[in-house]
Amino acid sequence: MQFPEQADRAVESSRLLLHSGFRSRFLPGDRNITVYLPPGYDQNAHRNYPALYLQDGQNLFASRANPEIRTWGFAESADQAIQAGEAEPLLVVGIANAGERRLAEYTPTADWELGGGEADKYGLMLTQEILHFIASSYRVKSGAANTGLGGSSLGALASLYLGLKYSEIFGKLALLSPSVWWNHRAILTMVGNAPRHRIKPRIWLDVGEAEGRRNVVDSDLLERKLRSRGWRPGLDLSYERIPGGSHDEASWAERVKPMLRFLFPA
């Protein structure tokens, strides 16, 4: 594993830090890690914070240098939710995808036509390398109750799969527009086989009603499957169908604050 000990540079502000050139022993290629620090992080030197790890990290944070690139505007929304007392201060760790290898790394099973199926290796990188790096470099709280995992589309699919596999590590899951369709909805079978006695992560699940009928139906099926395995709406499960919501960064940006309010309430 190769990882710089210090951030290369601040991105936009001293609370948005870039670590470039991460190299895993489990997966090929380099990728960047961007870390958002909450307001007051530097002023409260003895305080530790929960952390949310998100896939497709290059799409999360807005950049004045490239304003034409659509992102989630995550830093701005997190700042607003924290400063309004709606969400607790937290770190957000954006893990950039691996470009052409994104599909392979974000899918838990191999499809006979599309390939994929390397999410287990991605999970090893997350749990054995990235989490340890962040814990050694930043003041983060330990334990599943303080550790979230999430993403959108295939990133949400990977997050659900790995969140169930490592429920003792990830206690909160942010699943925005998950790609339930992958490999004939194999994830539904995996959820159905999840032992009832295992720890259940708190889950935010959503879908935009303008994403197409199949995506809405798939998300409805996933929500029902979760409820059948013991997740309780309003308690450890929030399912939102977003009127007019589409499958893109602009739409996911609008869901950041309600997701944070549910998973990391102040």
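A salt bridge here means a side-chain nitrogen of Lys or Arg within 4 Å of a carboxyl oxygen of Asp or Glu. That is today's topic. This is a predicted model, where local features need pLDDT of at least 70, side-chain atom pairs count only at pLDDT 80 or more, and totals for chains, interfaces and linings use all residues. Residues are numbered from 1 along each chain as its sequence is written, and side-chain values use heavy atoms, with hydrogens and water left out.

The structure has 16 salt bridges.

Start with Arg261 and Glu86. Their closest N and O atoms are 3.1 Å apart. Arg261 sits in helix 8 (residues 256-263), and Glu86 in the loop between helix 1 (74-83) and strand 5 (91-95), so this pair ties together parts 175 residues apart in sequence. Helices (H or I, at least four residues) and strands (E, at least two) are DSSP runs, numbered from the N terminus. Arg261 is partly exposed, at 36% relative accessibility. Glu86 is partly exposed too, at 32%. Partly exposed lies between buried (under 20% relative accessible area) and exposed (over 50%), with a 1.4 Å probe and protein chains only.

Next, Arg241 and Glu209. Here the closest N and O atoms are 3.5 Å apart. Arg241 is in strand 9 (residues 237-242) and Glu209 in the loop between strand 8 (202-208) and helix 6 (213-228), so the bridge joins parts 32 residues apart in sequence.

Last, Arg101 and Glu118. Their salt bridge is 2.4 Å, N to O. Which residues are linked with them in a network of salt bridges? Arg31 and Glu105.
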